[in-house]
Amino acid sequence: MSENTDIPVKSPDLAAMGVVRSRPLVIVDVDEVLGLFMQGFADYLALQGLEFRLDRFALFQNIYRPGETEHLDIDLGRTHFDNFFRYAAGDMALAEGGREALHDLSKIANIVILTNAPGQARLARARWLGRHRMDYPLILNSGPKGPLSAALAKQVSGPVAFIDDMLSNLDSVAKHAPEISRFQMVADPRLRPLAPANTELHRRIDDWSVLRAAIETAIS
Ligand SMILES: [Mg+2]
C-alpha cells in the first residue's frame, strides 16, 4: 500500500454535527454497505447501452460494450461513474437490513456516514440518505479512510466501530487507528465471493442482523 501517513487530514468537527463526545461512535460506509451500489451502477450503465459484467471485484474493468471482450476505456468508465453519482445514485436500492440496524444502533451510539463519493455527489447522496430515513451526519472522503477515521475517533471518548466493504479501507483504519473495531460487510450476495477479505485482521459479517449485534457488543 503506498499511503503517505504524513498528509494532515482536515477533519470535520463532530460536535458541530451533533455527535456527543461520550457516546460510542459508529462510522459506516454507503456503497455496498447501506446501498446496492453495483446493482445501481449496472442499471445505469444498461441505460447507456453498456454492460457491467461481474468478472472481478472492480469497477472500470468490468464495463463492456455488448458483444465485446475488451472492457471499456478506463477514462470513459470513470466518466460514467461520475455521471452515475451525479444523476442516478439517488435511485440506488437499499441493502437488506442496513437501515433497521442503524436505527437500532443509533439508540446507543452516534452514527456517522463516511462515503468515498465524488464531491458532485453530495447533494444526491444526502437526499438518498434522507429519503431512506438515514439522515445521519454525512462526511465525504477520498482515498483510504484510515487517516480521517483516526481523526474522527480522536474527537470522542467512547468506543468506535468502522464498517466498510473494501479491504483497502479496513487495512487503512487498522494502520491509522487500530483501536477502532473493524467490520467488513458486502451487501450484494453476488459480490461476496469476489470481495477480498482478511478475516484474521477484520471481522467479516455480510448479514446486517448479525452485524448489528456484533457492533453492539464491540461498542458496549
Ligand atoms: Mg463501499
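**Two helix pairs, two ways of packing**

Helices H3 and H7 come out as roughly parallel to each other, because the angle between them, about 20 degrees, falls under the 35 degrees that sets the limit for that label. This is a predicted model, and a second pair, H5 and H6, is oblique. Two packed helices are described by the angle between their axes and the distance between the axes, and those are handy values to keep in mind as you look at the structure.

**H3 with H7**

- Helix H3 covers residues 98-105 and helix H7 covers residues 208-219, and their axes lie 9 Å apart.
- The crossing of H3 past H7 is right-handed.
- On the H3 side, the contact is made by Gly98, Ala101, Asp104 and Leu105.
- Their partners in H7 are Trp208, Ser209, Leu211, Arg212, Ile215 and Glu216.

**H5 with H6**

- Helix H5 spans residues 146-153, helix H6 spans residues 167-176, and the two pack at an angle of about 50 degrees with their axes 8 Å apart.
- H5 and H6 are therefore called oblique.
- H5 also makes a right-handed crossing as it passes H6.
- From H5, the residues Gly146, Pro147, Ser149 and Ala150 take part in the contact.
- They meet Ser172, Val173, Lys175 and His176 of H6.
- The contact of H5 with H6 is made up of three nonpolar, four polar and one charged residue.

How values were computed:
Residues are numbered from 1 along each chain as its sequence is written. This is a predicted model: local features need pLDDT of at least 70, side-chain atom pairs count only at pLDDT 80 or more; totals for chains, interfaces and linings use all residues. Axes are lines fitted to C-alpha atoms, for helices over the stretch in contact, and angles run from 0 to 180 degrees between N-to-C directions. Helices (H or I, at least four residues) and strands (E, at least two) are DSSP runs, numbered from the N terminus. Angles under 35 degrees count as roughly parallel, over 145 as roughly antiparallel, 65 to 115 as roughly perpendicular and the rest as oblique. A crossing is left-handed if the near helix is turned anticlockwise from the far one by less than a right angle, and right-handed if clockwise. Two residues are in contact if their C-beta atoms, placed from the backbone, lie within 7 Å. Ala, Val, Leu, Ile, Met, Phe, Trp, Tyr, Cys and Pro count as nonpolar, Asp, Glu, Lys and Arg as charged, and the others, Gly among them, as polar.
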